[in-house]
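Here is a friendly briefing to read alongside the structure.

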Amino acid sequence: MRNLWLVTRREFLTRIRSGAFITSTVLMMVTLFAVTAIPYLMEGGTPKPLVVTVVDRTGRLLEPLREAVAANQGSRGVEIRAGEGDDEELIAEARADETALLIIEGNYPGDLRARFLASSVRDLGDSGLVTGPLEELVRAARLAERGLPVEVAREVMEPLTVEELQLTADEERTSDQFAGMIFLVMGAIVSVYLITVMNSQFVFQGVLEEKVSRVVEVMAAAVRPAEMMAGKILGLGLLGVVQYLAVMVAWVAGNALTTSALGVPSGSITPGVALLIMLFIVLGYALNSSVLAALGATISRMEDSQTVVTPVLLLMMLPMFLIAPVFSDPSGPLATVLSFVPIWTPITMLIRVMLSDVPMAQVVTSVVLLAATTAILAWASGRIYRAALLTFGTRPSLKQLWQYLKAG
Amino acid sequence: MTLEVRNVYKSFGSVRAVQDVSFTVPAGRVCGLLGSNGAGKTTTMRMIMRILLPDQGEIRWQGQPVTDAVRAGFGYLPEERGLYPKMQVREQLIYFTQLKGLSRGDAARQVDTWIQRLQLGEYAQRRAEQLSKGNQQKVQFIAAAASRPALCILDEPFTGLDPVNTLVMEEAFRTLAAEGTTILFSSHNMDQVEALCDDVVLLHRSKVVLAGTLRDVKRAARRQTVRLRIESGDYSFLREFPGIRTRAASGGAIEITVPEGVDPNRILQRALQADTVTEYSLGEPSLREIYIEKVGGADA
């Protein structure tokens, strides 16, 4: 046990002090912060107002429109400027200033034509902030022409507010809450992925380094193979936790900025989901790292490492490639089936649990399947590791792996 | 208080690496494990270190089977040298020594002592990869010696060292032996083995062909070497002795390999009858000669 502790400690301390580890952690923090804070960063904090030059050739709409827009508090401020002149000049100006242009002409209110021109896609998308009130004004005016008092006309046209709610077992989430939850889910699966896949690669590299430098024989003369393997996995796992906490700080910061900028409430995690995340991290990491440790032990030359590890890594990354369909239908058949396949379980089941209702029995079954698979693979990996540790010069084939498994 | 290797067998697939190997190394002695490449030396050493387990047979230390706990008292320098390339020399030596059961403070003291003995002071804070091969080998020796092992297994500790470093290493080797550590080491340098060993074990084609104290081994060779010079230079009288081999030596002398059953004194008497003897000396065969005789010149 003492040697297990010494190995764990060495793995942890030598890595955490290395420049490569510090650089990669900082890079991950920056990346995750950037990814979660993109919506906020793009708007530069508070969104810039939509600037519209209104050319009112009817001479009757500018002021009422200004008032109506001001009264209509939207998600983005609107600044209305009066403009006049011929179209070409106005368009050239709007291009130069990157502002939007609203040209209203024709007979008011019966036969009116309006054009909204903008160079930015974002401004085009927000055109409703100005054209909505304009439509209301014009409709009200048309109704008034036909004898309906303006106040009545306004009442008639009061828009209907439809509240959209997601039904879950114990609450109804508004669509805004759902959006906030998505950010949380992204954070959860990215953290599970980072630790289970990225950190297991450290284990692979560590085992390979010991083989290539031949220090493995000195170690094998002092420490049992099981202690060597477990110490490495534990030490680098602890390192993963440290890295995870650092990355989470960046993620929480980015998430908080974005949800506040978008005006959606940030989601929250129940203790059950938090426990599930931890469970998936531990099991997923144990599974991946022991498989990679065994593979590392079968290689003795750096140049063989890529050919051996790439297919396995691809397999481990596979769950990330299928995220989109799972996200779009977390209760659908694809998501349900995938959540029971051990390599997909951590990520798929997390998405399902956080975005939809999953029966408890399904969650428990998936965890048990994952735990059983992890136990079997860790056992087999231990045998392969022990048998392969002191072999040099051969590149592992499946047949060879089978022989190691029998010999260990 | 002995290392006992008893009827040990080890095969890798169809290759029989070690067959029925038995020998003992009494405590506090230095034993040379000799043999050509592929004779089974490294496999035997790895089995003593429990890196490999024998297919059959038993290895005991002080009467007990070697377990992980017993092994913690052994030091090991493998044939394939290996250090953590990015780790500081002193730091990794302390780590290896701690793995053998010493406290950190104890390990640090031992490591510092050995670093001084092997004149590595200026490299102690460097990363292992920044050291020359010779210095890395000295570091590797410290990794084997610093835990105050009861038994030290050294697989070709002197290979690849320059003459100056060989001297430093031999000195460290003698210090280790003088501190009471039992040593089993392999080498291809027979003169060195003769100078450093009390006992020898010779492996050939995975079997023991010779084992015992250096003195017994030489005696058991049952032949002696006579160096003889007579004034006339006419050695034809030697034909009277059946089975002897001669070869010209420097200064007009000849070297005679005297087989078992022939008394060297009779050769001297006969030479005195024949002529004036100007030189006569009687010697035991060198380890190198015994080795070549047992293993065959090609493999030496």
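In chain B of this predicted model, four strands make up an open sheet, arranged in the order 2-1-4-5 with antiparallel pairing. At its edges sit strand 2 (15–26) and strand 5 (64–65) of chain B, each of which pairs on one side only.

- Strand 4 (residues 56–61) of chain B pairs with strand 5 of chain B over two bridges, in the antiparallel sense.
- Look for B:Arg60 here: its bridge partner in strand 5 of chain B is B:Pro65.
- Helix 1 (residues 41–48) of chain B packs on the sheet, where it touches strand 1 (2–12), strand 2 and strand 4 of chain B.
- The direction of helix 1 of chain B makes about 120° with that of strand 1 of chain B.

**The largest pocket**

- The largest pocket holds about 800 Å³ of space.
- Its lining counts 22 residues, and those nearest the centre are A:Arg386, A:Ala387, A:Ala407, B:Ile51 and B:Leu52.
- Three helices each supply at least two lining residues: helix 16 (360–388) and helix 17 (398–407) of chain A, and helix 2 (68–71) of chain B.
- Helix 17 of chain A gives the most to this lining, with four residues.
- Sorted by class, the lining of the largest pocket has eleven nonpolar, six charged and five polar residues.

**The cavities**

- Searching the whole structure turns up three cavities of 30 Å³ or more.
- In the largest cavity there is about 150 Å³ of space.
- The largest cavity is lined by 14 residues, with A:Thr196, A:Asn288, A:Met316, A:Ile343 and A:Pro346 nearest its centre.
- Helix 8 (175–212), helix 11 (271–298), helix 12 (302–321) and helix 15 (345–355), which belong to chain A, are the elements that give two or more residues to the lining of the largest cavity.
- Helix 8 of chain A provides the largest share of that lining, four residues.
- The lining of the largest cavity comprises eleven nonpolar and three polar residues, with no charged ones.
- The second largest cavity contains about 80 Å³ of space.
- From chain A, the lining of the second largest cavity takes A:Val218, A:Ala221 and A:Ala222; from chain B it takes B:Gly75, B:Tyr76, B:Phe96, B:Lys100, B:Ala143 and B:Ala144.
- Strand 6 (74–77) and helix 5 (133–145) of chain B each contribute at least two residues to the lining of the second largest cavity.
- By class, the lining of the second largest cavity divides into seven nonpolar residues, one polar and one charged.

**A look at B:Gly212**

- You will find B:Gly212 in strand 10 (residues 207–213) of chain B.
- B:Gly212 counts as partly exposed because its relative accessible area of 24% falls between the 20% limit for buried and the 50% limit for exposed.
- Beyond its neighbours within four places in sequence, B:Gly212 is in contact with B:Asp199, B:Val200 and B:Val217.
- B:Gly212 and B:Phe241 are 29 residues apart in sequence, and their C-alpha atoms are 31 Å apart in space.

Notes: Residues numbered from 1 in each chain as written. Chains lettered and ligands numbered in written order. Predicted model: local features only at pLDDT ≥ 70, side-chain atom pairs only at ≥ 80, totals over all residues. Heavy atoms only, no water. Buried < 20%, exposed > 50% of the residue type's maximum accessible area, 1.4 Å probe, protein only. Contact = heavy atoms within 4.5 Å. 1 Å grid on protein atoms, 1.4 Å probe; cavity = no way out; pocket = protein on both sides within 12 Å on 5 of 7 lines; lining within 4 Å. Points joined across faces, edges and corners; volume = space filled by probe spheres on them. Nonpolar A, V, L, I, M, F, W, Y, C, P; charged D, E, K, R; others polar. Pairing = 2+ DSSP bridges. Axes fitted to C-alpha atoms, helices over the stretch in contact; angles between N-to-C directions.
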